[in-house]
Amino acid sequence: MKHPKNLDFKKWLVNLLKIIALALFLLWTIGPILLVILTSLKNQKDIFTVPPTFIFRLTLDNYSRALVAGDFARYFVNSAFVALVSSLLSVGLGTFCAYALVSLRVRFASLIAQLFLLGKLVPAITMLLPLFALLNMVGLLGTFVGPILAHTAINLPFVIWLIMGFIRDLPEDLEAAALVDGCTAMQAFWKIVVPLVLPGLAASMILSAQFSWNELVFALQLTNLDTYTLPVGISKFVGSISVDWGKSSAAATLTMVPMIIIGCFIQKYIAKGTTGGAVKG
Amino acid sequence: MIRRPYLAMFLILPAVTVVIFAMLIPLGYGLVMSLFDYKIGSETSATFVFLKNYVRFLQDPLAIKSLVITLAFTGLALSLELLLGVGMAVLLRSIPERWARILGAFYSMPLLVSPIIVGLIWRYMYDPTFGVVYYVLSWFGLDSVFGGLEKPGWALFSVAIADVWETTPFVLIVASAGLANIPKELYEAARIDGANALYSLMRITLPLLKKVLLVVIIIRGTDAFRVFDIIYALTGGGPGNSTLSLSIYAFQKGFDQYEMGYAMTISIMTMAALVVVFAPLMKKSYGRSL
């Protein structure tokens with residue numbers, strides 16, 4: 001090393017720039033989220049100050065208005081119901097399907113798996129318009145059937161691919177040994193495969209529930225006043241000419257905070273889950 | 001591996017049934033009804049017009065405009081997200097892992113927020129009178145230049161920025177997962193051979209990340225091409241149709257103007273465009289992974 005001092009300075013400068021970049025990106029990602037949470041705790045006057053104040057009188061008024069007068073408690077229950085049923089359906093049906101495709105030597109297994117993936121190419125609107133018309137014909141428009149069916153169908157491809165990946169990662173001898181010991185294929189599935197891919201099941205359950213919880217388009221058109229989910233309720237606020245920022249911020253906070261908390265637990269599965277197992281986390 | 005064809009069919013069938021009912025039957029129905037001219041609820045009085053709706057699509061200036069807007073939005077959002085996401089992933093890789101993990105958790109938060117809430121947040125921030133975006137821009141004297149969601153020339157850009165905020169974490173997470181699979185020894189070896197950081201980035205990181213980036217481009221690209229929620233929440237397609245994506249246009253035709261046949265035609269053309277652009281990429285990326 002000829003110029004240790006010079007090198008030290010360069011290293012210090014690079015580190016400083018790194019820290020600045022990382023800090024700016026942190027501000028950029030969580031700033032807007034914090035802003036909406038803060039706004040939900042402000043009274044009408046403090047919401048409109050420029051720049052946004054960080055010192056204000058805390059009030060829970062917006063929450064009581066959203067929950068009591070705004071029917072948000074009901075939307076909350078509706079959303080939870082739709083998310084729970086559709087994620088149970090997609091993980092349940094998806095796991096059976098994945099097991100059969102990986103372990104039971106199905107003819108055309110890879111073709112079937114790829115056909116499921118094609119579902120990812122269908123735009124929501126292309127599915128929504130005819131689904132709306134069809135549900136209208138059979139009188140199921142406005143019920144939970146529409147969003148549950150749509151969310152399950154959209155989640156199935158990625159659930160199947162994710163769980164196929166998990167099953168494929170299991171040591172093959174394990175299943176073979178179980179079968180030699182006289183287990184039937186279904187016993188091997190319940191006693192060996194399911195317990196071992198449990199983390200995968202949990203991750204896909206959370207990811208599909210999260211999709212359903214956040215999804216707007218299908219819920220917007222296929223539900224009615226009694227079956228609105230949270231995103232639909234919020235869209236009714238946003239759509240109006242003058243937005244009640246306090247109330248909608250409270251509703252937004254109630255909707256997003258549970259997902260952010262749950263999301264922290266599945267960090268390591270997000271990469272695998274969102275790419276259908278194409279990228280390992 | 002055992003052969004149990006009946007059991008296998010029994011296990012696969014339920015999932016296939018859901019996809020048939022929720023996707024294939026609606027798609028087939030949409031394809032057929034795109035050949036008709038009718039309004040919601042009056043299917044019986046639909047008149048068969050064969051390909052007239054498709055001819056209309058090709059001659060409809062607004063349809064062509066929305067196709068261009070959709071492509072522009074996809075290109076703009078995707079390139080910004082790739083640049084920012086991959087850049088931050090590389091940066092995170094270069095700091096101690098403990099810090100990278102904590103920061104990564106915070107960085108991924110926007111991904112967990114419902115798109116309609118992203119729209120709500122950004123509408124609050126883009127508000128011309130009390131929005132924080134204008135406030136920050138005023139430090140640099142740019143607040144009078146920036147048009148936000150109000151001016152046609154700026155609206156699409158502003159919507160794309162909100163989309164970048166929401167989905168860059170996805171690129172970041174997937175790129176980080178890809179980076180984690182590149183052995184650190186490669187960088188060591190390059191450094192010993194006297195390569196600088198830029199050389200390592202161009203010759204090691206990006207080439208080895210190619211497969212992962214392809215997956216990101218497919219997933220993010222198809223999502224951006226289908227964009228609906230965030231535009232619906234921020235501008236509804238305005239001002240002056242300057243943010244009218246294909247999905248928004250089809251939605252408006254169907255549910256606001258009740259022209260169901262034409263709306264289905266637009267939505268099917270959207271899917272066709274999507275398949276044309278992304279199916280070859282998909283085949284390349286997923287085709288061999290089984």
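B:Arg101 sits in helix α4 (residues 97–107) of chain B; helices (H or I, at least four residues) and strands (E, at least two) are DSSP runs, numbered from the N terminus. This is a predicted model in which local features need pLDDT of at least 70 and side-chain atom pairs count only at pLDDT 80 or more, while totals for chains, interfaces and linings use all residues. Residues are numbered from 1 along each chain as its sequence is written, and chains are lettered from A and ligands numbered from 1 in the order in which they are written.

B:Leu78 belongs to helix α3 (residues 61–93) of chain B. B:Leu78 has 22 other C-beta atoms within 10 Å, so it is buried. Leaving aside neighbours within four places in sequence, B:Leu78 is in contact with B:Ile217, B:Arg220, B:Gly221 and B:Ala224. Two residues are in contact if their C-beta atoms, placed from the backbone, lie within 7 Å.

Here are two pairs to look up in the structure, each involving one of these residues.

| Pair | Apart in sequence | Apart in space, C-alpha to C-alpha |
|---|---|---|
| B:Arg101 and B:Leu142 | 41 residues | 36 Å |
| B:Leu78 and B:Thr167 | 89 residues | 9.4 Å |

**An enclosed helix**

Still in chain B, have a look at helix α5 (residues 115–125): eleven of its eleven residues are buried, so the helix is largely enclosed by the rest of the structure. Among the buried residues of α5(B) are B:Trp122, B:Arg123 and B:Tyr124, and the list also includes B:Pro115 and B:Gly119.

**Chain A as a whole**

Turning to chain A, you will find 14 helices and zero strands. The radius of gyration of chain A is 24 Å, well over the 19 Å that the globule rule gives for 281 residues, so the chain is more spread out than a compact globule. That radius is taken over C-alpha atoms, and the globule rule is 2.2 Å times the number of residues to the power 0.38. The C-alpha trace of chain A spans about 80 × 70 × 30 Å along its principal axes. Of the 281 residues of chain A, 49% count as buried. Among contacts in chain A with a separation of 6 or more, 73% come from residues 24 or more positions apart.

**Domains of chain A**

Chain A is divided into domain 1 (4–59) and domain 2 (71–274), with bounds that come from an automatic or database domain assignment. Taken over C-alpha atoms, the centres of domain 1 and domain 2 of chain A are separated by 34 Å. Their contact takes seven residues from domain 1 of chain A and six residues from domain 2 of chain A. On the domain 1 side, α1 and α2 (44–47) of chain A are the elements that give two or more residues. The most come from α1(A), with four residues.

**Where the chains meet**

How many residues does the contact take from chain A and from chain B? The contact takes 82 residues from chain A and 83 residues from chain B. Helix α1 (residues 4–40) of chain A gives the most to the side of chain A that touches chain B, with twelve residues. By class, that side of chain A has 57 nonpolar, 21 polar and four charged residues. In this scheme Ala, Val, Leu, Ile, Met, Phe, Trp, Tyr, Cys and Pro count as nonpolar, Asp, Glu, Lys and Arg as charged, and the others, Gly among them, as polar.

Technical notes:
Buried ≥ 20, exposed ≤ 12 C-beta atoms within 10 Å, placed from the backbone.
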